[in-house]
Structure formats: structure tokens, C-alpha cells
Amino acid sequence: MIEKFSVHNRESLENRDAIFREMRESCPMARSSAHGGFYAVSRYKDVYAAAHKQDVFSSFPVTIPPFGNPTPMIPIEMDPPVHRKYRTLVGTQFSPNTIEANEPQLRAIVNTLIENLQGRPQADLAEEVAIALPLRAILEVYLGVPEKDWAMLKREFLYMLEPDPEKSDEENNERAMQAGLNCSMYFAELLEERRTNGFGDDLISHLAQVEIDGQRLTDDEIFGFCLVLVPAGFDTTASLLSRLLLMFTERPEVREQLTAIVDDPDKLDLAVEELVRYIPPQPGVARNVTTPMTFADTELAVGDRLLLLWPSANRDPEEFPNPDELILDRQPNRHLGFGSGIHRCLGSHLARLEIKILLQEFLHRVPTYAVAPDAKPLWHTGNTWGVTELPVVFEDWDTVGASAGQGE
Ligand code: HEM
């Protein structure tokens with residue numbers, strides 16, 4: 001399985017813990033023959049080191065296989081020195097202060113999602129909660145995209161992020177390129193509409209007005225930014241949340257432990273970090289060797305590709321005592337779920353807040369539930385690993401109604 005490892009391969013997803021353990025113990029720079037071949041970097045210290053070697057490991061392309069875009073995606077595939085210029089442009093938009101200011105709007109979205117569930121016997125918690133929250137956060141709160149277009153954009157972005165494992169790389173790339181084009185055309189219309197009707201405080205209006213070295217961004221650069229921010233903003237968080245909501249059915253004690261600490265902000269902060277360590281939704285990103293060198297006892301040539309396996313690094317016993325245990329008050333917790341180095345997740349504060357708000361509202365107001373007897377959760381592979389369908393049946397809504405009332 002190690003020789004065929006790929007983030008797009010269902011066997012790799014299903015056997016991830018065993019594969020990562022074997023890699024860390026026996027072949028920390030494992031060679032996979034998938035998608036033309038690459039090295040899978042699995043130990044914490046090597047993943048961390050590689051993420052900080054931007055002088056010799058380029059981020060373009062950042063996926064294996066590559067999307068095939070001729071120029072780097074902004075900012076995730078950019079290398080120094082240009083990377084910093086572009087990333088800085090949106091730093092304020094994703095800073096802790098700005099994110100805090102968006103808290104009421106995010107909480108209102110969570111409340112609407114929960115109200116939609118209330119009293120119902122069944123729901124799909126992946127579609128209706130885990131995906132809906134981060135999708136609305138980025139499209140509605142950040143970009144001001146009208147509701148009628150959310151489903152279409154989600155569908156198109158998923159063609160890029162979650163290629164069909166049954167199809168060839170070529171077929172998937174063709175569909176992903178078409179989806180990228182469709183989304184760019186959509187953002188072109190949105191930009192035109194803002195230019196005509198006046199800029200607001202949304203992200204696309206901001207991008208249309210910022211400058212690098214005295215120059216406005218080109219329209220292609222603005223679309224390029226959106227093509228990264230939207231999927232990075234929803235698919236990662238959605239995958240984490242869907243896996244967490246599934247975990248509540250498999251390990252009810254996790255829900256109980258979280259419920260016990262959810263009203264204590266300090267404990268909740270620690271718990272959220274541990275959740276990102278334990279179920280990091282992004283299985284790996286690529287780095288491309290630009291200088292011949294020895295890395296982790298392996299001779300690398302120009303053009304060799306590495307896949308940095310964040311989930312494996314996060315379970316490395318060299319860094320984390322009892323790595324396979326979910327320890328909600330784990331300290332220290334230098335996990336790599338949000339990456340590390342210059343490309344460290346831009347949206348980490350937003351993701352953390354979404355997870356926190358969801359837990360605060362959901363745990364008190366949604367009763368326990370089980371996977372629907374006639375259904376099963378549907379996982380997806382791809383550039384994130386998560387659950388696309390989570391059909392559940394709820395237990396008694398009356399019990400939570402009473403306890404929520406007491407808590408207020
Ligand atoms: C639980 C949720 C999330 C996880 C686990 C996550 C994980 C990551 C990781 C591992 C990276 C590093 C990629 C690399 O080194 O090449 C990254 C980068 C990035 N993330 Fe996130 N992410 C999450 C949520 C978000 C959100 C909500 C946004 C909002 C827009 C976002 C935007 C980005 C961007 C733009 C980058 C590229 C930064 C750069 O290249 O400088 N992410 N993320």
C-alpha cells in the first residue's frame with residue numbers, strides 16, 4: 001500500500017493510521033509510484049524541516065498530481081520573495097481582530113443551521129452543517145456571494161478538490177480546469193458588478209483596490225486569489241467538522257468530554273487545537289526540489305517531489321506522547337494541522353472560530369444521534385479527507401430543549 005500511496009486513493013484513506021505508522025517506523029521518505037512518483041515525508045521533524053526549506057523546495061505545484069495551471073496559484077503556490085507581497089494583501093482580512101468582528105455573523109449562520117435541524121427525525125449532518133457552515137462563511141461573510149449561487153460554486157470547487165478516484169488523472173484534470181474556468185467567469189461577473197455598483201467591504205472589493213509596488217492587481221490575479229481562498233476556506237474546515245460529527249456517533253465519550261468543557265474558553269481553545277492535531281483534514285501538500293541535495297538521508301534531484309504528510313507528523317510519538325489518544329487539554333501541542341513556515345494556514349483563526357462556535361451551539365442544542373440504520377457515511381478522498389454524506393437519526397429533541405433552556 002505504501003508504494004501506491006496517494007491522497008486520491010481510497011485504500012490509502014481507509015488504512016491511513018497503519019500506513020503512516022509503517023512509514024514513520026520503516027521508511028520515513030517512502031517512495032510512492034502514484035502519479036509519476038514522489039517521496040512521502042512522514043516524520044514530524046522531516047515534515048517540519050521541509051515546510052521551512054522554501055529556498056530549495058518550491059510550492060509550485062502544491063498538489064500531486066498538479067492541477068496543470070500554468071502560473072502559480074496565489075498565494076499557496078508562490079515562492080519567496082513574491083509570496084510575501086501577495087499574502088500580506090489579505091493579512092488583515094484574516095487577522096484575529098477581523099475574525100472576531102465577524103463572530104456575530106458566523107454565530108447567526110450556525111444558529112440558522114441548527115434551527116433547520118430542530119425537531120426533525122433525520123438529517124445529513126455533512127451537507128447541512130459541516131459543509132454549509134464554512135461554505136457560507138467564505139461565500140456569504142467574506143465575498144458577499146448571493147445564496148442562489150452557493151450550490152453551483154460548491155459543486156464546481158469540488159471538481160477541483162476531490163477528483164473522482166475512479167477516473168484517470170487526465171480526465172480529472174480536464175474537469176478541474178473547466179471548473180476553474182467556470183469559477184473564474186463567475187468571479188469576473190461579481191467583480192464587474194462591484195465595479196459598477198460600488199465597492200463594499202467584501203474581499204473581492206478589497207482585492208480590486210489593493211496595490212503591489214504601486215500597481216493594482218490584474219483581474220486574473222483577483223480571480224486567482226478567489227480560486228484559492230474559497231476552496232481553502234470551506235473544504236478543509238468542512239472535512240474536519242464532518243469527521244468530528246461522525247466521531248460523535250462512533251465515540252460518544254468524545255462528545256461528552258467536549259460538552260463538559262465547551263463553556264470554558266481556555267479549555268475550548270486547547271480542545272480545538274487537539275482536534276486539528278487529531279483529525280487534520282489536509283492529508284498532504286507537495287514540495288518540489290529546486291536544488292540537488294541530501295534531505296532526511298535521501299539524495300534528491302531537481303524535479304523530485306515530496307508530499308508532506310501533516311496527519312502522519314501529528315501522530316509522531318517523537319513529538320507527541322500517546323499520539324493516538326485524543327487528549328483535549330494536551331500541552332504543548334505543536335501540531336502541523338495548519339502547516340508551518342511561510343505558507344502556514346492563512347485562515348487558521350477563522351477555522352478555529354468556526355469550530356468553536358459550532359461546538360458551543362451544537363453540543364447544547366442538538367441531541368445525540370446515530371448513523372441512519374439504512375445508510376452509511378460517505379467519505380471522500382482528494383486534497384482533503386472528509387465525509388461528504390453523514391445521514392443520521394436524532395434521539396429525543398425534547399431532552400436538549402430542556403437543558404438548553406436551563407443553560408441560558
Ligand atoms: C480546519 C481548517 C483548516 C486547515 C486544517 C487548514 C490547513 C492548511 C494547511 C496545512 C496549509 C499549508 C499549505 C502549505 O504549506 O502549502 C494551509 C494554507 C492555507 N490556508 Fe488553510 N486550513 C484550514 C482552513 C482555512 C480557511 C478557513 C481558510 C480561509 C480562507 C484557509 C486559507 C488558507 C490559505 C490561503 C493558505 C495558503 C497560505 C499561503 O500560501 O501563504 N484555510 N491551510
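Which residues form one aromatic cluster? Select Phe362, Tyr369, Phe394 and Trp397, which form it. Here, rings of Phe, Tyr and Trp (its six-membered ring) pair if their centres lie within 6.5 Å, and planes under 30 degrees apart count as stacked, over 60 as edge-to-face and the rest as tilted.

The model is predicted: local features need pLDDT of at least 70 and side-chain atom pairs pLDDT 80 or more, while totals for chains, interfaces and linings use all residues. Residues are numbered from 1 along each chain as its sequence is written, and side-chain values use heavy atoms, with hydrogens and water left out.

By the ring rule, the count comes to 12 aromatic pairs. Select phenylalanine 5 and phenylalanine 20 next: the ring centres are 5.8 Å apart and the planes stand at 55°, so the pair is tilted. Both residues are buried (under 20% relative accessible area, with a 1.4 Å probe and protein chains only).

Proceed to tyrosine 186 and phenylalanine 187, whose ring centres are 5.9 Å apart with planes at 80°, so this pair is edge-to-face. Tyrosine 186 is buried at 11% relative accessibility, and phenylalanine 187 is buried at 0%.

Now select serine 6, which counts as buried because its relative accessibility is 4%. A polar atom of the serine 6 side chain lies 2.9 Å from the backbone nitrogen of histidine 8.

Finally, select arginine 31: its charged end sits over the ring of tyrosine 39, 4.5 Å from the ring centre (CZ of Arg within 6 Å of the centre and within 35 degrees of the ring normal). Arginine 277 likewise lies over the face of phenylalanine 320, at 5.2 Å from the ring centre.

Definitions and conventions: Buried means under 20% relative accessible area, exposed over 50%, partly exposed in between (1.4 Å probe, protein chains only). A polar contact is a pair of N or O atoms within 3.5 Å; within protein, one must be able to donate a hydrogen and the other to accept it, and residues adjacent in sequence count only if both atoms are side-chain atoms.
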